[in-house]
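Hi,

Here is the structure I promised to pass on.

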Amino acid sequence: MKDTRLLKILVEEKALVKLLKTIGSGREYPTRELLTKLGAYGYGHKLLLKAQKRGLVDRKTVKLTNDGKKIVKIAKEIGV
C-alpha cells in the first residue's frame, strides 16, 4: 500500500520529484542554498514543506528519508 502512495507521488508531482532528486545528490543543503539551487524561493519552499508533510524529507538537515530515497531510485530507473 505504501509503494502505491509513492508511485502516485511520482506520477502526479513532477516538481516534487525534481526537488527530491536535487536533495538526493548525496549532499545535505541548508534550506536557503537548496532554494537558490532550484531557482524558486516561494514555490520551492512550498514544495519543501509538502515533501516534509508527506514524510519524504527531514527538514532538520534537509535530507531524504527512506521513502524519499525510494522515489528517487524509482525515478532514476524509469527515467523521470
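I started with the charged pairs, and counting a Lys or Arg side-chain nitrogen within 4 Å of an Asp or Glu carboxyl oxygen as a salt bridge, I get three salt bridges. Do keep in mind that this is a predicted model.

One of them joins the side chains of R5 and D67, with N to O at 3.1 Å. R5 sits in helix α1 (residues 2-12) and D67 in helix α5 (residues 66-78), so this pair ties together parts of the chain that are 62 residues apart in sequence. If you want to see what surrounds D67, look for K2, R5, L6, G55 and L56, which it touches once residues up to four places away in sequence are set aside.

- E13 and K50 meet through their side chains at 3.4 Å, N to O. That links distant parts of the chain, with E13 in the loop between α1 and α2 (14-23) and K50 in helix α4 (residues 42-53), 37 residues apart.
- R54 also pairs with E13, and here the closest N and O atoms are 3.6 Å apart. This is another link between distant parts: R54 is in the loop between α4 and β1 (57-58), E13 in the loop between α1 and α2, and 41 residues separate them.

Taken together, E13, K50 and R54 form a network of salt bridges. As for accessibility, E13 counts as buried at 16%, while K50 is partly exposed at 31% and R54 is partly exposed at 30%.

Next, the helices. Which residues of α1 are buried? They are L6, I9 and L10. These cover an arc of only 100° around the axis, which puts them on the same side of α1. V11 and E12, on the other side of α1, are exposed. The cover over the buried residues of α1 includes α2 and α5, and α5 is the helix where D67 is found.

How do α1 and α2 pack? Their axes are 5 Å apart and the angle is about 105°. Since 65 to 115 degrees counts as roughly perpendicular, α1 and α2 are therefore roughly perpendicular to each other. On the α1 side of the contact you will find I9, L10, V11 and E12, which meet K14, L16 and V17 in α2.

Staying in α2, have a look at T22. At 13% relative accessibility, T22 counts as buried. The T22 side chain reaches the backbone oxygen of K18 at 2.9 Å. Leaving out neighbours within four places in sequence, T22 is in contact with Y29, L34, K37 and L38.

You will find V62 in the loop between β1 and β2 (63-64), and it is buried, with a relative accessible area of 2%.

If you only have a few minutes, I would open these views:

1. R5 with D67, the salt bridge at 3.1 Å.
2. The network of E13, K50 and R54.

Cheers

Notes
Residues are numbered from 1 along each chain as its sequence is written. This is a predicted model: local features need pLDDT of at least 70, side-chain atom pairs count only at pLDDT 80 or more; totals for chains, interfaces and linings use all residues. Side-chain values use heavy atoms; hydrogens and water are left out. Helices (H or I, at least four residues) and strands (E, at least two) are DSSP runs, numbered from the N terminus. Buried means under 20% relative accessible area, exposed over 50%, partly exposed in between (1.4 Å probe, protein chains only). The arc is that of the directions from the helix axis to the C-beta atoms. Contact means heavy atoms within 4.5 Å. A polar contact is a pair of N or O atoms within 3.5 Å; within protein, one must be able to donate a hydrogen and the other to accept it, and residues adjacent in sequence count only if both atoms are side-chain atoms. Axes are lines fitted to C-alpha atoms, for helices over the stretch in contact, and angles run from 0 to 180 degrees between N-to-C directions. Angles under 35 degrees count as roughly parallel, over 145 as roughly antiparallel, 65 to 115 as roughly perpendicular and the rest as oblique.
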